[in-house]
Amino acid sequence: MKILITGARGFIGKNLIAELKNRKYNEIYEYDIDSDPADLDRFTLDCGFVFHLAGVNRPKDESEFMTGNFGFTDTLLGKLKEHGNKAPVLITSSIQAELDNPYGKSKKAGEELMFEYSKEAGAGVFVYRLPNVFGKWCRPNYNSAVATFCNNIASGLPIKVNDASVVMNLVYIDDVVNEFINAMEGKANIVGRYGTIPTVHTAQLGRIVDIITSFKENRRALAVPKLDDELERKLYSTYLSYLPTDDFAYPLNMHVDERGSFTEFIRTPDRGQVSVNISRPGITKGNHWHHSKNEKFLVVKGKGCISFRKYGEDEVIDYHVSGDELTVVDIPTGYTHCITNEGDEDMVTIMWANEAFDPDRPDTYFEPVVR
């Protein structure tokens, strides 16, 4: 199927085209504001579906709202009628179509034009009134507060919040794109006359800003966002896409001595801590036990032996591990344990503990495995 997309280089258009290609829809007609008008005539001749995403958000003159949001829609539909092409058309409108302002009026006019076209031409139409859309590739300081906050906070620029109590309805770009492709494939989510995005996030502006601000601090604290919070998870993905290209990396604090090094990688309040341990050849680390703290060891390079002895008993249990055959070893409570590098190169071990290290409550007690 040949797919026509107007506003192809815009925020939604760029994401939609990328995902369509991921799903092997490769015959895509891309049309944007500086395209040759002759292309529109050619594209509307044989396209099988139209995503009409083009529109005007911030014109120099308010009259451009009606020209861009109504006038071009009329031109597009006129071309389809001229060619007798009854391809379904999906148009992006806005929740502001319900408001009495120049932008809202222009969007409302475009909607009604679509519904009239459907009756007249017998073609299927999908009208989606979108709330605030956020995600990667959205232009900051334009029409998305989330994009502006992500960009400025990531870059260390000031932000301005006029009213933190304002409630925002947000939809994530991946959810929008998935719903649009579903509509094209005959699985649109329709409520009344309008297509809707199944997942809408509602939050106060102040909370959104606090969440985005926390992402910058997370690096210093080695923290990660709450991934069970869907909005926070999506905001984090968005935030990372606005990192300056010279700020993708950040250093970790390596604790280095003659035995090797120990480096904390990730700390969380509810899912524990991940660290990287490097042991020199012949070195043994550990020889301690825990009351409640438990760990998982994964040797990813080199070879070694993880040894255990149950507190108060004599039997020593050995587990030989190697980066050539990745094996997770649980470190049970009440067992003193150690790890020895048995190879001739540095041994690298990924270590997870069920709680982040607290120097005031370390729950770590020295006891040699081998007496």
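A nonpolar core is a set of buried Ala, Val, Leu, Ile, Met, Phe, Trp, Tyr and Cys residues joined through side-chain atoms within 4.5 Å. Buried means under 20% relative accessible area, exposed means over 50%, and partly exposed lies in between (1.4 Å probe, protein chains only). The largest such core here has 50 residues. This is a predicted model, in which local features need pLDDT of at least 70 and side-chain atom pairs count only at pLDDT 80 or more, while totals for chains, interfaces and linings use all residues. Residues are numbered from 1 along each chain as its sequence is written, and side-chain values use heavy atoms, with hydrogens and water left out.

**Cores**

- In the largest nonpolar core, the residues that touch the most other members are Ile 5, Leu 16, Leu 20, Phe 51, Phe 180, Ile 212 and Leu 235.
- Helix α6 (residues 173-184) gives the most to this core, with seven residues. Helices (H or I, at least four residues) and strands (E, at least two) are DSSP runs, numbered from the N terminus.

**Helix α5 and its cover**

- Helix α5 (residues 145-155) is mostly covered, with nine of its eleven residues buried.
- Among the buried residues of α5 are Val 146, Phe 149, Cys 150 and Ile 153.
- Ile 212 is in contact with Val 146, Phe 149, Cys 150, Ile 153, Leu 235 and Tyr 239, leaving aside its neighbours within four places in sequence. Contact means heavy atoms within 4.5 Å.
- The cover over the buried residues of α5 includes β6 (132-134), β7 (167-172), α7 (205-221) and α8.
- Gly 156 follows α5 and has a positive phi, near 75°.

- Asn 141 is not a glycine, yet its phi is positive, about 55°. Asn 141 sits in the loop between β6 and α5.
- Leu 222 also has a positive phi, near 60°. Leu 222 lies in the loop between α7 and α8 and is buried, at 13% relative accessible area.

**Buried asparagines**

- Asn 15 belongs to helix α1 (residues 11-22). Its relative accessible area is 5%, so Asn 15 is buried.
- The Asn 15 side chain reaches the backbone oxygen of Phe 11 at 3.0 Å. This is a polar contact: a pair of N or O atoms within 3.5 Å; within protein, one must be able to donate a hydrogen and the other to accept it, and residues adjacent in sequence count only if both atoms are side-chain atoms.
- Not counting residues up to four places away in sequence, Asn 15 touches Lys 136, Trp 137, Ile 173 and Val 177.
- Asn 341 is in strand β19 (residues 335-341). It counts as buried, at 2% relative accessibility.
- The Asn 341 side chain reaches the backbone oxygen of Arg 280 at 3.2 Å.

**Salt bridges**

- The whole structure holds 24 salt bridges. In each, a side-chain nitrogen of Lys or Arg is within 4 Å of a carboxyl oxygen of Asp or Glu.
- Glu 98 and Arg 129 meet at 3.2 Å, N to O. Glu 98 lies in the loop between β4 (89-94) and α4 (102-121) and Arg 129 in strand β5 (residues 125-130), so the pair ties together parts 31 residues apart in sequence.
- Glu 98 is exposed, at 61% relative accessibility, whereas Arg 129 is buried, at 17%.
- Lys 234 and Asp 175 form a salt bridge at 2.6 Å, N to O. Lys 234 is in helix α8 and Asp 175 in helix α6, 59 residues apart.
- Lys 234 is buried, at 7% relative accessible area, and Asp 175 is partly exposed, at 21% relative accessibility.
- Arg 280 pairs with Asp 346, the closest N and O atoms being 2.6 Å apart. Arg 280 is in the loop between β13 (273-279) and β14 (284-289), and Asp 346 in the loop between β19 and β20 (347-353), 66 residues apart.
- Both partners count as partly exposed: Arg 280 at 32% relative accessibility and Asp 346 at 23%.
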